[in-house]
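I am opening my notebook on a structure that is new to me. Let me look around and jot down what I find.

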Amino acid sequence: MTNLSKIYELSEHKSNFALNLLKRFPPLIEMVVTSIRLNSDGKDLKRIYEALHKMKPNLDLVGAIDIYELSLLLENQCKTGLIQPQEFVIQLQKYRHGLELLALEISELILDMEK
Amino acid sequence: MEESKKSDNLTLKKDTFISDNHSYSTIIEKESKPYTIMIVDDIEINLFILSELIDSINNKFTIIKCSSGKEATEKFIDTRPDILFLDIYMPSMNGFETAKVIRDFENKHELASTPIIALTADSFSDNDELNFENLFNDFMKKPIYLKNLSDSLNRYLF
C-alpha cells in the first residue's frame with residue numbers, strides 16, 4: 001500500500017529523519033479516522049472536507065496512491081456538493097478502512113526500521 | 001509551541017551542494033544576523049517536516065513553531081520573524097485571516113513587509129489569487145521538499 005520513495009527523497013535519505021517522520025503518521029491517521037467516523041453519515045461535508053484535506057498531502061508523501069486518489073474524489077464531491085448520498089457513504093467507509101490499514105502498515109514499517 | 005533559539009553571530013555564505021542527484025542552491029554561511037523563521041500549521045507532522053528541512057539548510061536559524069493562526073499573530077508581534085511559512089487551511093483562523101492581521105499590524109506601525117509564504121495542499125483558485133496577491137509573497141504546495149524550501153529562502157531571505 002505504501003511507497004516510501006518520497007519519504008526518503010524528502011528526508012534526504014537520512015534514516016532518522018524518515019523514521020521520526022513515519023512515527024508522526026499514526027496519530028495523524030487516528031485523528032482523521034476519528035473525524036471520518038464521527039461523520040460517517042456523510043452529512044457534514046465541511047468537517048469531512050477538512051479531514052480529507054489535512055490528510056491528502058501526507059497520503060501523497062507516504063505513497064498511498066489508492067487512498068490518495070479516493071481522497072481526491074471525495075474531496076471534490078464535498079467541494080461541489082455533487083453527491084449521491086449512499087455511494088458517498090460507502091466511499092467514505094472505504095477511505096476510512098484504507099487509512100486504518102495504512103496505519104497498521106506504517107506501524108509495522110516503524111518496528112522494522114527500529115530493529 | 002516549542003521555540004528553538006539558536007546561537008548569535010551566524011556567518012552565512014551562498015553555496016551549492018549536490019544531494020540525491022539534485023543541485024540545490026542554498027545558503028550555508030554568510031555574514032548576517034541570525035534569521036528567525038516562523039512556521040505555522042495545525043498539523044504536527046507538517047511542522048516537523050518544515051523544521052527539519054530548515055534545520056538541514058542551516059541549523060543556526062531560530063525556528064518558531066505555531067499550531068494556529070491566533071498563536072502566529074501573537075508570536076509575530078513579539079518576535080518579528082524574517083520570514084513566515086503559513087498554512088492556508090487551518091480551523092478557527094485560516095491563513096488568509098492570519099496574514100491579514102499581520103499585514104494590518106505592519107501597515108499600522110509602518111513596518112517593512114515580512115515575506116509570507118502560503119503553504120497549501122491545493123493549487124489556488126482564481127478567487128484565492130485575488131486575495132493572495134495582497135497578502136502573500138509566494139506559495140508552496142505540500143508536501144514541501146528541500147529544494148522548494150531552499151529556493152524560497154534564497155529568494156526572500158538572502
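I began with the contacts in chain B: of those with a separation of 6 or more, 62% join residues 24 or more positions apart. This is a predicted model, as I noted before going on.

Next I looked up the secondary structure of chain B, and found 5 helices and 8 strands. Reading along the sequence, I wrote the pattern down as β-β-β-β-α-β-α-β-α-β-α-β-α. I also checked burial: chain B has 158 residues, and 35% of them are buried.

Then I turned to where the two chains touch. Chain B brings 16 residues to the contact and chain A brings 18. Which helix gives the most on the side of chain B? I found that it is α1, residues 44-57, with 6 residues. Sorting that side of chain B by class, I got 10 nonpolar, 2 polar and 4 charged residues.

I stayed with α1(B) for a moment. Its 14 residues should span 20 Å at 1.5 Å a residue, and its end C-alpha atoms are 20 Å apart, so the two agree. Among its buried residues I listed B:Ile45, B:Leu47, B:Ile49 and B:Leu53.

Last, I visited a helix pair in chain A. The axes of α3 (residues 25-38) and α4 (residues 45-61) come within 9 Å and cross at roughly 155°. An angle over 145 degrees counts as roughly antiparallel, so that is how α3(A) lies to α4(A). I noted the crossing as left-handed. Residues that meet there include A:Phe25, A:Leu28 and A:Val32 from α3(A), and A:Ile48, A:Ala51 and A:Met55 from α4(A). By class, the residues of this contact are 7 nonpolar, 2 polar and 2 charged.

Notes
Residues numbered from 1 in each chain as written. Chains lettered and ligands numbered in written order. Predicted model: local features only at pLDDT ≥ 70, side-chain atom pairs only at ≥ 80, totals over all residues. Helix = DSSP H or I, 4+ residues; strand = E, 2+ residues; numbered from the N terminus. Buried ≥ 20, exposed ≤ 12 C-beta atoms within 10 Å, placed from the backbone. Contact = placed C-beta atoms within 7 Å. Nonpolar A, V, L, I, M, F, W, Y, C, P; charged D, E, K, R; others polar. Expected span 1.5 Å × (residues − 1). Axes fitted to C-alpha atoms, helices over the stretch in contact; angles between N-to-C directions. Parallel < 35°, antiparallel > 145°, perpendicular 65-115°, else oblique. Left-handed = near helix turned anticlockwise from the far one by under 90°.
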